[in-house]
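Student: I have this one open and have never looked at it before. Can you walk me through it?

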Amino acid sequence: MQLPSFKLERYFAEYEFKAKYLLCSSDCESISAGELLAYEPEAEEDLKRLWLGYTESPGSPSLRQEISQIYSTILPEQVLVQNGVEEAIFLFMHALLKPGDHIIVHWPSYESLFEIARSIGCKVTFWEARLQNKWSLDLGDLKKNLRSNTRAVIVNTPHNPTGFLMQQSDFRELNAVMQERGIVLFSDEVYRELEYEPTDRLPTVCDINQSGVSLGVMSKAYGLAGLRIGWIATHNAPVFKRIA
């Protein structure tokens, strides 16, 4: 496997901790450990009692229990904790894909969402969001690009970097098409809960699509990037098992 240089991360490596003002980050303002612990009575004392040995490889039961509360239909045992989202994306791609497979990726896109598939030997088609259409996605374009060997469609909504949020009707139609075709929908939901209007919030893919996979992380909506905690949630038992 040969991965090209990750351009965004190389840029951050050069400038992120040197620039006086950083205008290109996609995180909420982070908080200190003290500020975080202040949200819950006795949390500081609980932290001092925290055992720092190994825990279960899918993630500690208490953490998986808390993450599962984000979803409507997901049980703790359907959550798999990862070291941020990079590990989750990497393992998902290697669990599902093989050389010669085809995937479709929402574009513009986080580089890992297509370069890892390319490194496996997959063909990648971009599902392009265009400025003249206010960054919306055309389901007709997606359907035209589906192939007999399309294994996954990768979507990111709310979208980085445009902020685009799919319409409820389009989102549900997308999930219906994926289930009809037997294609796994991988939903990058790391900006979910940052919508201006909570009433516009989309359901999670894993709650409405039995084969879909939802990706989450503590770094964006929650402002806790330093924890390096990401996860996938899914009812798709075969994919979950291969990732684990």
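**The sheet and what packs on it**

Tutor: Start with the open sheet of seven strands, which has mixed pairing and the order β1-β7-β6-β5-β4-β2-β3. Strands (E, at least two residues) and helices (H or I, at least four) are DSSP runs numbered from the N terminus, and two strands pair if DSSP finds at least two bridges between them. This is a predicted model, where local features need pLDDT of at least 70 and side-chain atom pairs count only at pLDDT 80 or more, while totals for chains, interfaces and linings use all residues. Residues are numbered from 1 along each chain as its sequence is written, and side-chain values use heavy atoms, with hydrogens and water left out.

Student: Which strands are at the edges?

Tutor: β1 (79-83) and β3 are the edge strands, each pairing on one side only. On average, neighbouring strands of this sheet are turned by 20 degrees against each other, direction ignored.

Student: In what sense do β4 and β5 pair?

Tutor: Parallel, over five bridges. N156 stands opposite D188 in β5.

Student: What does α5 lie across?

Tutor: α5 lies across β1, β2, β4, β5, β6 and β7 (229-234), and runs at about 120 degrees to β1. That angle is between N-to-C directions on a 0 to 180 degrees scale, with axes as lines fitted to C-alpha atoms, for helices over the stretch in contact.

Student: OK, the inside now. How many residues are in the largest nonpolar core?

Tutor: It has 33, and I89, F92, M93, I103 and I154 have the most contacts inside it. Such a core is a set of buried Ala, Val, Leu, Ile, Met, Phe, Trp, Tyr and Cys residues joined through side-chain atoms within 4.5 Å. Buried means under 20% relative accessible area, exposed over 50%, and partly exposed in between, with a 1.4 Å probe and protein chains only.

Student: Which element gives the most to this core?

Tutor: α5, with seven residues.

Student: And what is M93 in contact with?

Tutor: Leaving aside neighbours within four places in sequence, M93 is in contact with I103, S112, L113, I116, A117, I120 and I154. Contact means heavy atoms within 4.5 Å. There is also a second, separate core of 20 residues, which includes V153, M166, M178 and L185.

Student: S112 to I120 looks like α6. How many of the residues of α6 are buried?

Tutor: Eight of nine, so α6 is mostly covered. Its buried residues pack against α5, β2, β3, β4 and β5. Just after α6, G121 takes a positive phi of about 105 degrees.

Student: Switching to α8. Which of its residues are buried?

Tutor: F171, L174, N175, V177 and M178. They cover an arc of only 160 degrees around the axis, which puts them on the same side of α8. The arc is that of the directions from the helix axis to the C-beta atoms.

Student: What is on the face turned away from that buried side?

Tutor: That face of α8 carries the exposed residues S169 and E180. On the buried side, the cover includes β3 (123-128), α7 (139-145), β4, β5 and α9 (205-208).

Student: Last one. Where is Q78, and is it buried or exposed?

Tutor: Q78 is in the loop between α4 (61-68) and β1. Q78 counts as buried because its relative accessibility is 18%. Not counting residues up to four places away in sequence, Q78 touches T73, I232, A233, T234, H235 and F240.
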